[in-house]
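Take each task slowly, and read the solution once you have had a go.

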Amino acid sequence: MKILVANRGEIAIRIIRAIQELGHEAVAVYETPDEMSRHIRIADEAILLGDGPRCDYLNIEKIIRAAKRSEACAIHPGYGFLAENPFFAKACAAAGLVFIGPTTEVISNLGNKVIARKIMAEAGIPMVPGTTNLKQGKEGISEALAFAAQYGYPIMLKATSGGGGRGIRRIESDAQMKEQIPVARAEALAAFNDDSVYLEKVVINPKHVEVQILADSQGKTVHLGTRDCSIQRRNQKLIEIAPSMIKNQKLLDEICETAVRAAKAANYLNAGTVEFLIDKDQNYYFMEINTRVQVEHTVTEMITGIDIVRNQINIAFGKPLSFSQEDVQIRGHAIEVRINAEDPKNDFMPEGGKKVSVYRSTGGFGVRLDGFVYQGYIIPEVYDSLLVKLTVHGFTWDETVGRLKRCLQNFAIRGPKTTIPFYENIAREKDFVNGDFDTSYIETHPHIFYYDEDTSEVGKLARLIAEIHYAKENPYAA
Amino acid sequence: MTRINQGTPAHTIVETLRKTKGYYITNTARDLSQSDFKNRILLHTDLMAAESRDKAGYFSLEITGGASIHVDMLRKQVDPFLKLKKLREHMPKTMFQTLCRGVNLFGYRPYPQNVIRFTVREFAKYVDVWRTFDFLNHVPNMHAVFEEVGKAGKLNEPCLCFSTGPEHTNAYYVAKAGELIDVTGRDITLCIKNHGGLGTPTRIGELVDALKQKYPDVPIHYHGHNTDGNDVGRIVEAVKNGASIVDGADFAFTGFYGPPPVLTVVQTLKEFGFEAVGLEEDAVIETSEVIRDQRQYYEQFESQIKGFQPTVQIHKLPGGAMGSSLEQAAKGGFLDRMPEILHKELPRVQKELGNYWSVTPGSQILWTTAVANVLDGERYGNPSGDLRNLLLGKYGPFPFYEPEEWIYAKVLGDDWRTVLKEEGGVEKIADMDLAHERYSLAEQIGTEPTDEQLVLYLQHPNDAAEFFKFEHNYGQAHVLPPSIFFRRGGFEIGENLSFRDYHGKEHMVEIGPSPMNDTGEASVYLIVDHHQSIYNFKTKKAEGPAGAAQELNKEEILDLAKAGDVRSPFSGKIVEISVVEGQEILVGDRVAIMEAMKMQTPVLSEIEGIVTGIYAKKGDALKPGGKILKIDRNE
């Protein structure tokens, strides 16, 4: 049996591994700028979609054609690209291909923030106070101002079809509200082909906690515990940990049960994530359900020992989950950092186009790497900057942080600047070490941006040796 | 057998010396390094020797001071304070000794009082014995150092700089000793500083005897150089006449201009019934066995001319300046003129300038003047700034007699009497604003400097700041052995280098290929601790840096200067550009100051006009004829 992976980079490799472990064959697809990518070598087959960039990974027709050509019977969309596009799921079904993910209807309902909120409200899931889609024109603006009068600023203005941190803006005043609604609509129309927007009360400095869900076609829904993704910059996650560090097990249990209820209310199928915000007073609010495998699924796999992608494939082929909620045991802690080719000091400017002249990874007990780059690889400028995800697992939190620190020190990537030294600073930072952080962490800890690029003593001396070697006329012997 | 350990109070040290029969030995490793290896012996080698040197039971290890502070930072890339700390870790017992140039500290010209005191206080934390001298034996130049050393509870070792000639009588030196003792008191060791290795054994014996007769309770430390090959003879006579401490070095590294081998001294004196107190000969031998293999890496720093120089009795150059003088002669292409310079002109200049002591910075003045006199053809025709200062009495009074009037006229000009009257006398140097200096260093290195960093910066501002930047970029390079640090011509492909880092961890570096990229960059591949690393270099520019030019001769340079094209008159470094663009200047105005052979010389304008272009900047090294600036003649 062949399964096509409609994605690139590290997640393509993650999925190919699961396919191969199940005894199937994996078919990779790629665009021309990705022809050096490692996911192509690891797959059993690879098909060039076109010159891209990005547009071919998003081209439903080309991908279905590639699946047909390679005689694949199923498609795994990964995350991003077409993963949460209901039309893609629908096109797969129409072409007689198994789509590894939720049904078209689920994707469609949960992808629309307003419908999703409606479903959840009916199921009694606690939610941040918010509106339905604002009416067009002046009516919508007065609706918004009335909401603001009731709940007070700040308020989030969100694009109904947005996601992944896009299409969100924070509003601080009536004047700004009036000004920003038309702007947000125009932007949403351009980005998501849907100009509907809605409002949500802002929860100040919340923790971002999410619950991993697996639901099979027999109606069994289980959760795999919590993750904390609070450490973000501008709504992009940088570090994810599992389980949540909130020292209130009763609350966490309740959140997990609520997540299962939410999934059931949505008739959820396959793997998904129910996201919550938790405020200072430990109130929790439903945010959204992500209908895909997430970047940070690795931390959950580490603490549960359950292979989420393998289960995704099995569920898609109609198999029942082989375990029950009681079988899910959380053991220890896991931390994932996204090692990106970015310069944190320069506003996380991507370092695309650079060659990875040295790539030396880490290893050892409790360490997992999900990456796709190698020494000599030139990072394409046209895709995201994720190089490798480092996930560490430990029996205690202290052990896990110590392992993270050690692994980051062991890593050596030369060529592009990376987020490694930035994470090293976080791994040393007191509040992080104490497990005390919320979504304001990056902005309230500016000193984590102070570091030298190469601090290892031997690295400095090796540079001196290289200079003495290169100079021929050794300046120190002059 | 009474060994004196580090930490012993000064008074107890001196008491022990007074009571003990026999003599002690100082291992003058720093002076050996300076005299025979251009000061390049690395901390790496001294650390190899540390354990057995500590075991050997020396009175002290002379390991810092002189030119070493400067060279540590400039060439060896080691923090002079860190050097002392690392050595102390491995040498808990032995006292550390420095050589301090009094008011000139560890530099080449006088420092303000507050800088002197601050510097001595910081170094006295690590240095137990302070050998302090002044090249004119002008005692007030050493006051501040004596005081601070005393306050720190460390041992003062004031020097009588020694030389030969009709004026250099026992009576003079005994009186000078009295002058010193009046200031320091008697809990000192008094050094006879024979930096040239001058005089016969008998002469040294008589001097020691004269001093001991007058001051029987003041222990004498005889310091000599083996330039003529006869310092063992002088040491024997010194000890026979009552010297308590003498200087030697490890035989594996002894050369020609430094101190003689410790072991030879010990073996010889045994015959006369004198025992080296506290000394373990086995450990002395062991030290040389341990470091012998390292000497090959220092060969490139040995003197251009091999062999003893008995003619030192004529030219009197100090051992510490022999190597660098010969190097300058070789580089300047006037090695063939050396007999004339050393044996005719130098003794003549010495006599003309008052027969003072040829030691830093006075030795440089004598040497530079003699070289200029011979090479330029016109005696005293191109006087250095420092010679001018000497005649003005800035360093102190001439000890015996003043130079003849014609020399004053040549150096200071025809109105020399007025100049002398107006500008003459010991320079009163205003205290520096240390807070401001600290701030200025912080600006340069980007962090708040430590007190020790500030001290180093006050000694040698440019070189210290450069060194701190080096340290930041390359870490503790002193961990590299000389086989790596001094390698010339690059390494072999596949060569394996190993060293221990600052924390003691062993590292391996394998040399890989160095291909040229199509971008014109060269890459050096190294396997560092089993992992490949790549270092990219911009290929060297064919053009030299600004200021570089074809070497011009003296006439050409003068012709250009008269046309307003100011060139470097000799091979040296720009210390200061004294003018700015657009500035109007007159004939004879100073436009820049250059430094060569440790001497500063002003560059004067040959014409009247306006500065229209400046090509060189502070710190640039220029060859003769290197462009400095342009002056447009006033029409």
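Two strands pair if DSSP finds at least two bridges between them, where strands (E, at least two residues) and helices (H or I, at least four residues) are DSSP runs numbered from the N terminus. Residues are numbered from 1 along each chain as its sequence is written, with chains lettered from A and ligands numbered from 1 in the order in which they are written. This is a predicted model, in which local features need pLDDT of at least 70 and side-chain atom pairs count only at pLDDT 80 or more, while totals for chains, interfaces and linings use all residues.

**Exercise 1. Find the partners of strand S2 of chain B.**

Step 1: Strand S1 (residues 24–27) of chain B pairs with S2(B) in the parallel sense, over two bridges. Here B:Thr26 has B:Ser60 as its bridge partner.

Step 2: Five bridges, again in the parallel sense, link S2(B) to strand S3 (residues 95–100) of chain B. In S3(B), B:Met95 stands opposite B:Ser60.

Step 3: Now check the cover. Six of the six residues of S2(B) (residues 60–65) are buried; buried means that 20 or more other C-beta atoms, placed from the backbone, lie within 10 Å of the residue's own.

**Exercise 2. Work out where the buried residues of helix H6 of chain A point.**

Step 1: List them. In H6(A) (residues 113–122), A:Lys113, A:Ala116, A:Arg117 and A:Met120 are buried.

Step 2: Look down the helix axis. These buried residues fall within an arc of 100 degrees, so they line one face of H6(A); the arc is that of the directions from the helix axis to the C-beta atoms.

Step 3: Recall a general rule. An α-helix has 3.6 residues a turn, so residues three or four places apart point the same way.

**Exercise 3. Describe how chain A meets chain B.**

Step 1: Count the contacts. In chain A, 22 residues are in contact with 35 residues of chain B, contact meaning C-beta atoms, placed from the backbone, within 7 Å.

Step 2: Find the main supplier. Helix H16 (457–471) of chain A gives the largest share of its side, twelve residues.

Conventions:
A residue is buried if 20 or more other C-beta atoms lie within 10 Å of its own, exposed if 12 or fewer, and partly exposed in between; C-beta atoms are placed from the backbone. Two residues are in contact if their C-beta atoms, placed from the backbone, lie within 7 Å.
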